[in-house]
Amino acid sequence: MIDLAIRGGTVVTPEGERRADLAIDGERISAIGNVGAGSREIDARGKLVIPGCVDLHTHLASTPTFTPLDDFEHGTRAAVAGGVTTVVSMVYQEDGSLRRGIERGMRDGARSLADFAFHVIVTDPSEAARAEIPGLLRDGHAGLKVFMVSPRFVERRDDYRLLLRAAAEAGAVVAIHAEDHEIVAARTAVLHASGRTGVEHFPDSRPVEAEVKAVAEAVQLAAATNAAIYLVHLSSRAALAALREGKRRARVFGETRPLYLYLTRAQFERPDAALWVGQPPLRDADDVDAVWAALADGTLDTVGTDHIPHTRAAKLAVGLTFDKIPPGVSNLETLLPMLYSEGVRKRRLTLARLAEVLATAPARIAGMYPRKGVLAVGSDADVVVFDPDARRTIRAADLHSACDYDPYEGWDVTGWPEVVLLRGEVAFERGTTRAQPGRGRFVPRSALKW
Ligand SMILES: [Zn+2]
């Protein structure tokens, strides 16, 4: 007898969607089709059966001076409740060492409810740091991250170029925050000089041109070094055009973030606008249309959450100038249901494309495919039984993040995860978290094959 049968659902596989049963033995999928009796059975009639989502962009790990509100335990409780079964967290290079940052992430990840891996943010692209990269790859750490928006990037362009070359040689993917430091710094200075320091000026401090210039420079760097780059949280029509062009010339992947699919800069006319501060800022309605189109047509590869919430009080603290508001919002639990509700139900995305951008493509880019990101025989049994007709109104009080507000508070969505499995075990079902802290495991990443 098989361990677990998920019976009668619409199963989303790379070959298409079909009515089928899914058999799970131990931690893996053992058959898809008509399967025999299971020791346990889940009735999935009328439900969608989709691969557990892989979020390539979260900030759950601590630093020596900061522990996020949603640490691994809280953040992954929200993740599994939302159908995200693997998270990739940023960790920071520590005392000059990339490995030390990962070691901290591994300690924090011991409390994870979801499977996890890392990108290391490189703040000092020294020769010693570059020399660590091949050893990190051998241990399954195949991701780095660079902030072009940092003054350090400007000061040490040549060292960052060498870093990308070392990453290319070892097979590591380099995630890049593409906003041009000089444009952002100059705009911020002008706004400050004229006393325009309120949150309503935040979008003007980080214009589209800063994003476009940085994307173009990142593409050039990728072309010159042969590095594979992953441009995070792209937000504007013009940046997406630069991405499209870049994909012809270099190994470039593109990510957007839920904020840019659902909200515009009109949010910044509200007195509580700080609640939506993230980098880059919310853009215009035309940009929102362009992000949806790029997600549908394959220009964008993934949606990553950039999950890093802060409390209302921290966001709205009196006296913060626009550049000092802690950036980031909560998004792990609503990632899948909102993309289903606003994307698939509104016919902007097919169901197959949803599975591609939330599971398959991020797993490939992370070097975890086909272990993660797909419903196939032999893959980890990370499975979401999704009720396409469940109606919910998003309220922070009902969600699992430690944050006391949600950026989509009050949104009505149709479609919500009913049962979420991580490696064959129920992690979440019908509103109740079943996974315990420590259930999640490190997922070694392979060098990118592309
Ligand atoms: Zn981020």
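A residue is called buried here when its relative accessible area is under 20%, exposed when it is over 50%, and partly exposed in between, with a 1.4 Å probe and protein chains only. By that scale both His-57 and His-59 are buried. The model is predicted, so local features are reported only at pLDDT of at least 70 and side-chain atom pairs only at pLDDT 80 or more, while totals for chains, interfaces and linings use all residues. Residues are numbered from 1 along each chain as its sequence is written, and side-chain values use heavy atoms, with hydrogens and water left out.

The two histidines belong to a metal site. His-57 and His-59, each through NE2, and Asp-306, through OD, coordinate the zinc ion at 2.0 to 2.1 Å. Along the chain these donors follow the spacing H-x1-H-x246-D. Donors are N, O and S atoms within 2.8 Å of the metal (3.2 Å for Na, K and Ca); water is not among the atoms, so sites may look incomplete.

Next comes the sheet. Helices (H or I, at least four residues) and strands (E, at least two) are DSSP runs numbered from the N terminus, and two strands pair if DSSP finds at least two bridges between them. An open sheet of 8 strands runs in the order E6-E7-E8-E9-E10-E11-E12-E13, with parallel pairing. Strand E6 (53–58) and strand E13 (302–303) are at its edges and have a single partner strand each, so one side of each is left without a neighbour in the sheet. Strand E12 (residues 252–256) runs parallel to E13 and is joined to it by 2 bridges; Glu-255 stands opposite Thr-302 in E13.

E15 and E16 form a hairpin with 2 residues between them, and Arg-423 in the turn has a positive phi of about 45°. Strand E15 (residues 412–422) is mostly covered, with 10 of its 11 residues buried.

Helix H2 (residues 98–109) has 12 residues, which at 1.5 Å a residue should span 16 Å; the end C-alpha atoms are 17 Å apart, which agrees. The expected span is 1.5 Å times one less than the number of residues. Leu-98, Gly-101, Ile-102, Arg-104, Gly-105 and Gly-109 are the buried residues named in H2. They cover an arc of only 155° around the axis, which puts them on the same side of H2; the arc is that of the directions from the helix axis to the C-beta atoms. The buried residues pack against elements that include helix H1 (72–81), strand E7 (84–92) and helix H3 (127–138), where contact means heavy atoms within 4.5 Å. At the start of H2, a side-chain oxygen of Ser-97 reaches to within 3.2 Å of the backbone nitrogen of Arg-99. In the loop between E7 and H2 lies Asp-95, which has a positive phi of about 50° although it is not a glycine. Asp-95 counts as exposed, at 66% relative accessibility.

Helix H6 (residues 181–193) can be read in the same way. Its 13 residues should span 18 Å at 1.5 Å a residue, and the end C-alpha atoms are 18 Å apart, which agrees. Buried in H6 are His-181, Ile-183, Val-184, Thr-188 and Leu-191. Their arc around the axis is only 165°, which puts them on the same side of H6. Val-190 and Ala-193 are exposed, on the face turned away from the buried side. The buried residues pack against helix H4 (151–155), helix H7 (202–205) and H8.

A side-chain oxygen of Asp-180 lies 3.2 Å from the backbone nitrogen of Glu-182 and caps the N-terminal end of H6. The side chain of Asp-180 also makes a polar contact of 3.4 Å with that of Lys-213, a residue of helix H8 (residues 208–225). A polar contact is a pair of N or O atoms within 3.5 Å; within protein, one must be able to donate a hydrogen and the other to accept it, and residues adjacent in sequence count only if both atoms are side-chain atoms. Lys-213 is partly exposed, with a relative accessible area of 39%.
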